[in-house]
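Good morning, and thank you for coming. Please look at the structure on the screen while I take you through a few of its features.

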Amino acid sequence: MEQNKEMTAQESLKLISETLNNSRKSILRNHAKYYVLWGSLLTIFSLVIYLLWHSTGKASWNLLWFAMPVFGYLFAWLLSKKDAALPESFVGNLTGKVWALFGLFSVVLSAIAVFIVPMPITFTIILLLGLAESITGVILKNWPVIVCGLIVGIGGAVAATLLKTEAQLLLFTFGGIILAATGLIVKLQYK
Amino acid sequence: MFPKLDPLLHSELRLAVMSLLAGVDSADFTFLKNQTGATSGNLSVQIDKLCSAGYLSVEKGFKGKMPCTTCRITPAGLEAFNQYVQALKEYLK
């Protein structure tokens, strides 16, 4: 890129538009890997806990859920070390805060449900998961992500009231697959 | 009568830097270099010029053990950038 190149008004506007667009694409493309990470973890944890619960009949395997944030944040930290050169953006910060709040709500509500006041936790968390995903879609202006969030949130909440015991865990498997797919959609869209 | 274009922004590399920074909170030198394809020396000189005009603020620090230069557009820089875009639109009317 030359510093003294004479530009017409059209060339200048084209440069501004292309630069902004390329920057946005590279930031959002990078965020996609975190959706794939958390979606994969959710799928793996839900399947493992489902199989353990199903084979032993013990609901206490659900305590393994509390290990998921530990693994998730460790892997996310390792992935973020490669992001050193990427800038902080409003969109990136906003989506990050939405998912951090989802994580906080999920962990605290799960802890309350297990140790203090029993509540329909699958219903609550699947609804929050769908809501967080739809809000992400609104921020990214991405219809497939909004629709995926609606399917997970509303479909999951309805299914959670119909399914009993360990079968409810398969809803999280479904939610995890959709979350990972969201990451792939974002990655492909901003390729 | 056409509005005058800010000569500081009417340069390909400086305009690209300002456009990049207008869309983010802050960006480090490596990102700006990768996105613009400029050489380190050239980019450094242009960032200094934008800093001297009060359009950018620069913070030097470390990320781990690596030195890191973080650039941020100032309110004056954003105002100048918006005026520049408005002036360009006048030219194209």
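In which sense do E2(B) and strand E3 of chain B pair, and over how many bridges? The model before you is a predicted one, and in it E2(B) and E3(B), the latter covering residues 66-73, pair in the antiparallel sense over eight bridges. One example of a bridge is that of Phe62(B), whose partner in E3(B) is Pro67(B).

Chain B has four helices and three strands, and from the N terminus on, the elements follow the pattern α-β-α-α-β-β-α. Along the principal axes, the C-alpha atoms of chain B fill a box of roughly 55 × 25 × 20 Å. Of the 93 residues in chain B, 37% are buried. If we take the contacts in chain B with a separation of 6 or more, 55% of them are accounted for by residues 24 or more positions apart.

Next, the contact between the chains. Chain A contributes 24 residues to it and chain B contributes 29 residues. On the side of chain A that touches chain B, the largest share, 11 residues, comes from helix H1 (residues 9-56) of chain A. Sorted by class, that side of chain A has 12 nonpolar, eight polar and four charged residues.

I turn now to helix H4 of chain A, residues 121-140. How far apart are the end C-alpha atoms of H4(A), and what should its 20 residues span? At 1.5 Å a residue they should span 28 Å, and the end C-alpha atoms are 28 Å apart, so the two values agree. The buried residues of H4(A) include Ile125(A), Ile126(A), Leu129(A), Ala132(A), Glu133(A) and Leu140(A). Among the elements that cover the buried residues of H4(A) are H1, helix H3 (90-115), H5 and H6 of chain A.

Leaving aside residues up to four places away in sequence, Thr136(A) touches Thr95(A), Val98(A) and Val145(A). Thr95(A) is 41 residues away from Thr136(A) along the chain, yet their C-alpha atoms are separated by 5.8 Å.

Finally, two backbone angles. Most residues other than glycine have a negative phi. Lys141(A), which follows H4(A), is not a glycine but has a positive phi of about 55°. Lys141(A) sits in the loop between helix H4 and helix H5 (143-162) of chain A, and it counts as exposed because it has 9 C-beta neighbours inside 10 Å. Thr165(A), also a residue other than glycine, has a positive phi near 40°. The place of Thr165(A) is the loop between H5 and helix H6 (169-189) of chain A. With 11 C-beta neighbours inside 10 Å, Thr165(A) counts as exposed.

That concludes my presentation, and I thank you for your attention.

Definitions and conventions. Residues are numbered from 1 along each chain as its sequence is written. Chains are lettered from A and ligands numbered from 1 in the order in which they are written. This is a predicted model: local features need pLDDT of at least 70, side-chain atom pairs count only at pLDDT 80 or more; totals for chains, interfaces and linings use all residues. Helices (H or I, at least four residues) and strands (E, at least two) are DSSP runs, numbered from the N terminus. A residue is buried if 20 or more other C-beta atoms lie within 10 Å of its own, exposed if 12 or fewer, and partly exposed in between; C-beta atoms are placed from the backbone. Two residues are in contact if their C-beta atoms, placed from the backbone, lie within 7 Å. Ala, Val, Leu, Ile, Met, Phe, Trp, Tyr, Cys and Pro count as nonpolar, Asp, Glu, Lys and Arg as charged, and the others, Gly among them, as polar. The expected span of a helix is 1.5 Å times one less than its number of residues. Two strands pair if DSSP finds at least two bridges between them.
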